[in-house]
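Let us walk through this structure step by step.

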Amino acid sequence: QSGHNDRVLKLTTSGNWTAVVKPAVDLETTPLEIKTNSTLGSGDKVYVLFYNSQGEDAGGVVISFFSYPQYWIESCSSDYTNFPSNLPAAVDKVWRISLNKTSGIGLQIHCNDVEVLNTLLSDDTCSYSNWRKYWSRDVEKIAFPEWDTASDYYRLYLQGEDNLIYLLIFCNIEIAIECYILT
């Protein structure tokens with residue numbers, strides 16, 4: 001597909017080994033999805049950190065499963081905040097985190113396709129004085145630190161034909177399968 005060449009992965013092989021390839025992350029064009037199955041009151045936390053291409057801090061999000069679900073915005077919030085809307089009741093949840101920097105710095109979080117947070121970061125919403133320094137950076141890498149106790153899986157969000165990211169894998173591997181019937 002044209003226009004998606006920057007997102008094509010090529011696997012490199014050497015003997016029996018295949019090189020690890022990590023696709024770039026861009027939360028403005030392709031949101032991040034995180035799957036959890038933590039219950040309220042467990043104290044579990046989703047903890048995802050954002051970095052630019054040089055590895056510099058570019059923000060992050062914490063979602064906590066206290067008695068009431070709360071969020072904390074890395075390099076912005078001074079404390080946890082209750083979600084402004086109710087979360088879906090299902091234990092299995094898919095969280096979608098995206099950024100919108102067309103008019104300021106917007107952070108959106110969806111849970112099971114329901115928008116649960118849509119906030120514009122500003123001096124009024126962020127208590128951390130240097131928030132703009134971090135959140136202005138382009139997010140190109142993510143990390144789940146060891147204190148993340150809720151995230152089970154993650155992926156880039158794929159949506160519709162027009163926005164679908166095609167992940168093409170080119171391999172030059174010969175596979176031989178031999179079958180034997182044991183009698």
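Two strands pair if DSSP finds at least two bridges between them. Strands themselves are DSSP runs of E, at least two residues long, numbered from the N terminus. Keep that rule in mind while reading this model, which is predicted.

Take one pair to begin with. Strand 4 covers residues 32-36, and strand 9 covers residues 93-100. Five bridges connect them, and the sense is antiparallel. Because the rule asks for at least two bridges, strands 4 and 9, with five, count as paired. In general, the strands of a sheet pair through backbone hydrogen bonds, either parallel or antiparallel.

Look at strands 7 and 8. They run antiparallel and are joined by two bridges. Two bridges are enough, because the rule sets its limit at at least two. Across this pair, tyrosine 71 stands opposite threonine 81 of strand 8.

Now turn to the cysteines. How many disulfides does a search of the whole structure find? There is one. Cysteine 76 and cysteine 126 form it, with their sulfur atoms 2.1 Å apart. The cut-off for a disulfide is within 2.5 Å, so a pair at that distance qualifies. The bond links distant parts of the chain, 50 residues apart. Cysteine 76 lies in the loop between strand 7 (69-73) and strand 8 (81-82). Cysteine 126 lies in the loop between strand 11 and helix 1 (131-135).

Which hand does this disulfide have? The torsion about its S-S bond is about -90 degrees, so the disulfide is left-handed.

Are its two cysteines buried or exposed? Buried means under 20% relative accessible area. Cysteine 76 has 1%, so it counts as buried. Cysteine 126 has 6%, so it counts as buried as well. Cysteine 111 is also buried, with a relative accessible area of 0%.

Conventions: Residues are numbered from 1 along each chain as its sequence is written. This is a predicted model: local features need pLDDT of at least 70, side-chain atom pairs count only at pLDDT 80 or more; totals for chains, interfaces and linings use all residues. Side-chain values use heavy atoms; hydrogens and water are left out. Helices (H or I, at least four residues) and strands (E, at least two) are DSSP runs, numbered from the N terminus. Buried means under 20% relative accessible area, exposed over 50%, partly exposed in between (1.4 Å probe, protein chains only).
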